[in-house]
Amino acid sequence: MKLQDWTAPERYNLTREMDDHPSERIALKWQDESGDYEEITYGALRQAANRLAGGLAELGMAKGERVLVLVPRRIVSYVIYMACLKLGLVVIPTSEMLRAKDLGYRLGHSEAKAVIAYAGLTGEVDKAAAGIPSLEHRISVAGRVQGWLPMEQLSANQPEERAAADTHREDKAILTYTSGTTGEPKGVVHTHGWAYAHLRITASAWLNIEPGDTVWATAAPGWQKWIWSPFLSVLGRGATGFVYNGRFHADRYLELLQEYRIQVLCCTPTEYRLMAKSEHLGSYDLSSLQSAVSAGEPLNREVIDIFRRRFNLTIRDGYGQTESTLLIGTLKETPMRIGSMGQPTVPGLVTIIDEEGKPAPVGQVGDIGVHKQMPALFSTYYKDPQRVAASIRGDYFVTGDRAWRDEEDYFWFEGRGDDIIISSGYTIGPFEVEDALMKHAAVKECAVVASPDEVRGHVVKAFIVLQSGVVGNEQLVLEIQQHVKELTAPYKYPRKVEFVADLPKTTSGKIRRVVLREQEAALRV
């Protein structure tokens, strides 16, 4: 394919990709832990989205204004995203696990005009919304809440047909917040044109979704990965998405794969690792699976081998970032090299670069760089162009990960070039955890790094210097962990805590997390 094949038409709204599928085709099948089941056709999904878009327009919501969306794995989440994007609004995907502090930052920094939240999640929003002058509308979903407008009321009596807003391919569509190594989260802006490129790279070439396939991508709303796969890739390709709103259990997941005859599966490495450990793995019929992919962190060779032996199924790794789409991976018809990240999905636009920003020779470790011409690269960091400039080296955006490539352009991962922690697919910045830790009265100093873990890949580990006179023990560990869970999203809490007398520092007093990170990595050897 040529560069122009990934470039959207000048006037383009990403919901265009969802408007031409047969109305009678099932768009989504939903089930929860108790066995309750719902489904919706493409026709009904479009009608519901159009009614909501009409209601939002009546409120005065206009193209380019920001909407924070806080909903769990329910069919209505797809309705909300479609409605907002069709209207030309900018969606802020938000995890239901976030607390008031995280929500308040996103609302304030984005200057969101509206928030749409599931009724059971509105309490944290109310705590966060004080002092946010831009926030004019609070819309509740699936329940009435004092001070909130029910979405069902907003959508009532609105037309079931509506043309998409006349958006330019460079118009903002998604504003996703991602963890950084220092400071507050970064606001990553994606345009409507980004979605066009993503569909043609990730949905087609990597996930290998065909219209009518049944696809299960397990990511939850609130994450860029949900935009990638469950939302955009599934609906953009005219497939049927399976949505499970329940806790992970390996055998339950395997049962659902068998029951719903899933044809395309996108899981985290942690989910694959735990399914591979099931005592009953060989008793399940997964013959319907045609494509299985993994992303977020490298998948163990042992797990890949288990699925090959049991099901003649090759799980294909992929690598991407919030700032992009799939950059490197093993495509469906590409020979796999076990241990490799795969090959660039867009040849010539993803490579290994040296300190000067030049393509590095074969075999030399360097930074993974994405050429600025890449159509599926993010637009900017919201309100932070200086951070964008700092991430550019020569003609390339520097991802922060290091690797080398062989003679056939297979990439081999070496490690992260910064302090970001990836645990069970979640991206966690050490600053977020350290900030919460420092608010505990017993903590004098702290540093947070990734610690290897057999199941999750890595977990958060905190090294803590205690205040004078405080004794570190198991009870204090539990207290500190609970403290972090209450201040920030629970998935960020340190699963490991080590009390130390001091922390390694530079002569200027900066904590050298790299020393602690290498210390932890050495324990795996």
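Student: How many disulfides are there by the distance rule?

Tutor: Keep in mind that this is a predicted model, where local features need pLDDT of at least 70, side-chain atom pairs count only at pLDDT 80 or more, and totals for chains, interfaces and linings use all residues. Residues are numbered from 1 along each chain as its sequence is written, and side-chain values use heavy atoms, with hydrogens and water left out. A disulfide here is a pair of cysteine sulfur atoms within 2.5 Å. By this rule, the count is zero.

Student: Which cysteine sulfur is nearest to that of C266, and how far away is it?

Tutor: C266 is in no disulfide. Its nearest cysteine sulfur belongs to C267, at 7.1 Å.

Student: Is C266 buried or exposed?

Tutor: Buried means under 20% relative accessible area, exposed means over 50%, and partly exposed is in between (1.4 Å probe, protein chains only). C266 has 4% relative accessibility, so this cysteine counts as buried.

Student: Which residues of helix α12 are buried?

Tutor: Helices are DSSP runs of H or I with at least four residues, strands are runs of E with at least two, and both are numbered from the N terminus. Helix α12 covers residues 430-437, and six of its eight residues are buried. Those are P430, E432, V433, E434, A436 and L437.

Student: What does I392 touch, not counting residues up to four places away in sequence?

Tutor: I392 lies in strand β20, residues 392-393. I392 counts as partly exposed because its relative accessibility is 28%. Contact means heavy atoms within 4.5 Å. With that sequence limit, I392 touches K372 and F397.
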